[in-house]
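Please have a look at it first.

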Amino acid sequence: MAQNKTDLLAVLAVVKKYNLKATEELLKKEAGLADIPENVAGEAEVNSVLAAYKSEGDPDIYENSYIELRKFVEDSLDIYKHELALILYPVLVHMYIELVYNSHEVQAKKLITKFGPEQEYYYQDELAKLAMVTKRDEMSGNDITDTFKSNAFTIRISRDTLSLLKRHLHEKKASVILNIVNEHMYFDLYEGVARNKAQCDATSGAMTGEAKRQDNKIKVYYGLLKEPDVQTLVAAPPEEDDDEDAPDKPKKKKPKKDPLFSKKSKSDPNAPPLDRIPLPKLKDVDKMEKIKALRESTKRVNLGPDLLPSICMYTLLNANHTVTCADLSEDSSLLSVGFADSAIKVWSMTPMKLREMKTAEQLKEIDRDAEDVLIRMLDDRKAETCRTFLGHSGPIYRTSFAPDRTMLLSCSEDCTIRLWSLHTWTCVVIYKGHQYPVWDVRFSPHGHYFVSCSHDKTARLWSTDSHQPLRIFAGHLSDVDVCIFHPNSNYVATGSSDRTVRLWDVCVGAHHRLLTGHKAPIYSLAFSMCGRYLASGSADHRVLIWDLAHGHLIAALTGHTASIHSICFSRDGTIVATGGLDCALKLWDFTKLVDDISGENVNVSHNPDVRDGEPYLLRTFPTKQSPFLTLHFTRRNLLLGVGMYELGV
């Protein structure tokens with residue numbers, strides 16, 4: 001108690017010395033030192049207090065403290081060792097930052113050179129970048145130092161393990177490490193047995209540690225929206241079918257068709273309310289398209305381990321180092337390809353050519369009340385099999401077709417997003433908002449809205465009728481490389497170079513799921529047909545399957561030998577197809593995986609055991625030398641792949 005009072009008096013003397021009267025009065029009042037006489041703390045006391053802080057910054061203490069901590073972790077019981085080992089990396093990083101900040105460059109370099117290589121392989125890139133920061137001036141604006149200074153490193157840890165750690169630090173009086181632990185680390189405590197090595201590895205790897213359990217507690221409405229009622233329009237098309245098949249019995253076919261549409265209208269208990277976000281009203285044309293899609297779904301091949309999909313591979317020749325992306329429309333009728341020279345090409349995948357809208361003079365002559373007015377507006381004489389869009393001033397990184405195939409989105413290195421009309425074949429809007437290259441852009445399954453993501457560490461929600469973003473999703477600590485809408489359009493998933501996947505609520509703009517487990521940047525995402533599961537592909541050569549209901553990692557599909565840039569679920573949700581830069585396409589049995597996990601109890605304290613993907617691999621299809629740009633299942637479950645032939649792959 002006496003020592004504390006001496007320290008306070010010494011601090012008071014320093015405050016008085018620099019004439020900080022307001023601070024002096026406040027300190028006196030809060031510490032109950034109102035009646036202290038003048039000059040009670042001498043120069044010696046002040047120097048002793050300051051010397052104590054100075055000794056904590058002694059550069060030689062850091063290396064010894066780290067060695068002691070490492071020895072403590074290695075000598076711990078196996079049950080605690082794996083969780084304790086998680087603190088070594090953040091402690092090393094903060095020690096390095098403190099040494100550089102206090103101008104002890106030599107000791108900092110020695111520390112990171114000696115202990116850096118023994119950290120996990122997925123931290124080596126960051127440590128290499130950190131080692132390039134050798135002076136205090138270089139720290140400002142550096143991504144890694146900024147991230148560690150402004151974000152606590154999260155470690156999920158059992159109460160017993162944390163008690164063991166704190167007892168050790170207090171016994172050894174390891175003030176350097178104690179300060180780092182208290183100021184820069186967050187322990188997500190749980191009751192129960194400490195995790196084993198496999199469980200720790202499953203969710204580690206992100207820049208700032210693991211996700212807190214609190215991050216994944218909010219309810220997610222992952223169910224699908226109730227399908228709109230299209231039965232009023234069903235009457236006409238069946239009559240046409242009846243003329244061909246059974247003209248004398250037109251009424252008997254209606255009851256057979258009706259169940260097809262009424263099945264879809266059942267409400268999902270996990271679905272969001274229909275009015276949760278404003279969605280565009282369906283026009284008659286859109287309803288007819290839905291009817292067509294539902295009819296095609298009745299002719300769909302039901303896939304499974306004994307009935308794998310037929311695969312059609314489109315290879316782009318003479319495109320080495322020039323093609324950057326590819327996309328197929330929902331009905332598989334259009335293909336768009338983006339190029340490094342800023343051009344976009346659109347091809348028709350059907351015998352119907354790409355027609356252009358007639359001139360204004362010709363449009364005046366059209367009967368507006370005609371049923372086929374939209375067809376009459378298009379000029380057959382100007383039809384072509386391929387169209388080119390020019391306008392961007394940098395490489396194209398992604399294109400995306402609108403659900404109704406009337407528009408195309410594109411994003412580029414030039415920091416802009418462009419909306420192109422597939423009727424007039426011109427650019428109709430330029431969306432400016434991102435400050436850096438835009439890596440991805442995707443339309444909502446319901447149209448009207450779209451999402452983009454960029455090198456500026458944000459994703460943004462837009463609507464086609466506004467040139468300003470409706471939401472800015474900020475929270476990632478590095479490039480946001482990929483984004484995708486949930487099938488119900490209420491959520492957006494993003495994957496980042498900070499090695500995390502986040503699920504954002506478009507309604508409130510906050511993230512409702514933070515998913516950690518990847519060991520490298522994430523380049524592809526896909527939602528399951530039911531909306532509950534999310535698959536993410538990464539440069540760590542793995543596809544991870546997440547359960548959005550609880551935010552748990554349930555399976556790791558391994559086998560690829562390069563980055564995975566395309567993932568696609570079959571239309572009946574039974575198979576996952578993955579395509580990588582290793583020129584291989586793999587098919588996985590998703591139905592079996594879901595059946596296997598459905599019987600498990602969910603452990604609330606930590607992630608359940610992650611299933612290995614090997615038992616679920618159905619088949620691998622290699623291409624000769626064509627890495628995959630995109631994969632797409634047609635409405636009838638034919639699998640389409642697009643890749644470019646590369647020399648020397």
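Helix α6, residues 88-101, packs against helix α8, residues 124-131, at an angle of about 10°, and their axes lie 11 Å apart. Helices here are DSSP runs of H or I with at least four residues, strands are runs of E with at least two, and both are numbered from the N terminus. The axes are lines fitted to C-alpha atoms over the stretch in contact, with angles from 0 to 180 degrees between N-to-C directions. That angle makes α6 roughly parallel to α8, a label used for angles under 35 degrees.

This is a predicted model, in which local features need pLDDT of at least 70, side-chain atom pairs count only at pLDDT 80 or more, and totals for chains, interfaces and linings use all residues. Residues are numbered from 1 along each chain as its sequence is written, and side-chain values use heavy atoms, with hydrogens and water left out.

Which residues meet? From α6 we have Y89, L92, V93, Y96 and I97, and from α8 they meet E126, L127, L130 and A131, where contact means heavy atoms within 4.5 Å. By class, the contact has eight nonpolar residues, one charged and no polar.

Now the serine: S538 belongs to strand β23, residues 533-538, and is buried at a relative accessible area of 0%, where buried means under 20% with a 1.4 Å probe, protein chains only. The S538 side chain reaches the backbone oxygen of P521 at 2.9 Å.

Terms used: Buried < 20%, exposed > 50% of the residue type's maximum accessible area, 1.4 Å probe, protein only. Polar contact = N/O pair within 3.5 Å; in protein donor to acceptor, adjacent residues only side chain to side chain. Parallel < 35°, antiparallel > 145°, perpendicular 65-115°, else oblique. Nonpolar A, V, L, I, M, F, W, Y, C, P; charged D, E, K, R; others polar.
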